[in-house]
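Let's take a walk through a protein model together. Have a look at the structure below, and then we'll go through its sheets and helices.

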Amino acid sequence: MAQIKTDAEVELMRQSALLVSKTLTEVATMLKPGMTSMYIDNFIGSFVRDHGAVPSFLNYHGYPFNSCLSVNDVVVHGFPSEAELKEGDIISVDIGVILNGWHGDHAYTFAIGDPGEEVIKLIQVTKESLYKGIEKAISGNRTGDIGFAIQEHTEKKHGYGVVRELVGHGLGRNLHEDPQVPNYGKRGSGTKLKEGMVLAIEPMINLGKKDVYTESDGWTVRTRDHKASVHFEHDVCVRKHQADILSDYSIIEKAEKANPNLFTSKPVLLSAE
Ligand code: MF3
Ligand code: CO
């Protein structure tokens, strides 16, 4: 059963989501070629703890790091490593925290230098698709409306692959709550959305085919064709006319723009209902 959060609980969850946004902003400021993702993961662990929270992914079903850092053809759940990031790499930085008992969980994909025209477009379209999904996160709609909107914009319009094996989710006192929020689906199908539901909406979109596999480490998910994959995630509260986005990309985008080592993707706004 999907839980309904009170207004006071939603405000606490906003604090959790914003701590993730702030952490992602710090990452946006420091990313550069030559940096290792292990360095970034260590930074994330310290920054989150310094702000009175705990990294929620660490030890979750045995996950062994603070964050998921997924480079190029890694879709999600990438392990931090000692390999140096290089010009043209893209990296999805996915961070979860528990602050005052409430979870924040969101992600952003950065491009170090120039990843090439095709991948730049994939990044932009995936970010747009997240907002197309969020536009459907209003009471009375269903989870399938969110998935349909994301799939239309990415698969139908641009021919990208929508990952089927992993989905968005409810968020609250637990990292994964009901309902599941697939990035594909039929309009009018799935769980009915109610005001006060908090969802982590997270399109995982492949440049090539939708097929993925999990490596022998039990976590790292890669595209089968080894083409790039992009991941964006927001935490949103379902409302009557427009979803309330609890996480904040604007501070991340500002830092991304100010960092000469990063390609900057354009901000996307919700179109008014
Ligand atoms: N954002 C991802 C999710 O919601 C991250 C989970 S990683 C894990 O599933 F390690 F915690 F599983
Ligand atoms: Co998530």
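Strands (E, at least two residues) and helices (H or I, at least four) are DSSP runs, numbered from the N terminus, and two strands pair if DSSP finds at least two bridges between them.

Before going further, some housekeeping. This is a predicted model, where local features need pLDDT of at least 70 and side-chain atom pairs count only at pLDDT 80 or more, while totals for chains, interfaces and linings use all residues. Residues are numbered from 1 along each chain as its sequence is written, chains are lettered from A and ligands numbered from 1 in the order in which they are written, and side-chain values use heavy atoms, with hydrogens and water left out.

**The sheets**

β7 and β8 belong to an open sheet of 5 strands, in the order β8-β7-β9-β14-β15, with antiparallel pairing. Its edge strands, each pairing on one side only, are β8 (177-181) and β15 (244-245). Helix α3 packs on this sheet and touches β9 (198-201), β14 (234-237) and β15. Contact here means heavy atoms within 4.5 Å. The direction of α3 makes about 15° with that of β14.

There's also an open sheet of 3 strands, ordered β3-β12-β11 and again with antiparallel pairing. Its edges are β3 (74-76) and β11 (212-214). On average, neighbouring strands of this sheet are turned by 40° against each other, direction ignored. β3 pairs with β12 (residues 221-223) over 2 bridges, and V74 stands opposite R222 in β12.

**The helix pairs**

Two packed helices are described by the angle between their axes and the distance between the axes. Axes are lines fitted to C-alpha atoms, for helices over the stretch in contact, and angles run from 0 to 180 degrees between N-to-C directions.

| Helix pair | Angle | Axis distance |
|---|---|---|
| α3 (residues 117-135) and α4 (residues 143-158) | about 155° | 7 Å |
| α1 and α2 (residues 37-50) | about 140° | 10 Å |
| α1 and α5 (residues 249-258) | about 5° | 8 Å |

How do α3 and α4 run relative to each other, parallel or antiparallel? They are roughly antiparallel, whereas α1 is roughly parallel to α5. The cut-offs are under 35 degrees for roughly parallel, over 145 for roughly antiparallel and 65 to 115 for roughly perpendicular, with the rest oblique.

α3 passes α4 in a right-handed crossing, and the crossing of α1 and α2 is right-handed too. That label applies if the near helix is turned clockwise from the far one by less than a right angle, and left-handed if anticlockwise.

Who touches whom? In α1, residues including L19, V27 and M30 meet a group in α2 that includes Y39, F43 and F47. That contact has 9 nonpolar, 1 polar and 2 charged residues. Nonpolar covers Ala, Val, Leu, Ile, Met, Phe, Trp, Tyr, Cys and Pro; charged covers Asp, Glu, Lys and Arg; the others, Gly among them, are polar. The contact of α1 with α5 has 5 nonpolar, 3 polar and 2 charged residues.

The structure holds 11 salt bridges, each a side-chain nitrogen of Lys or Arg within 4 Å of a carboxyl oxygen of Asp or Glu. One joins R14 and E11 (2.9 Å, N to O). These residues are 3 apart in α1 (residues 7-30), so about one helical turn separates them.
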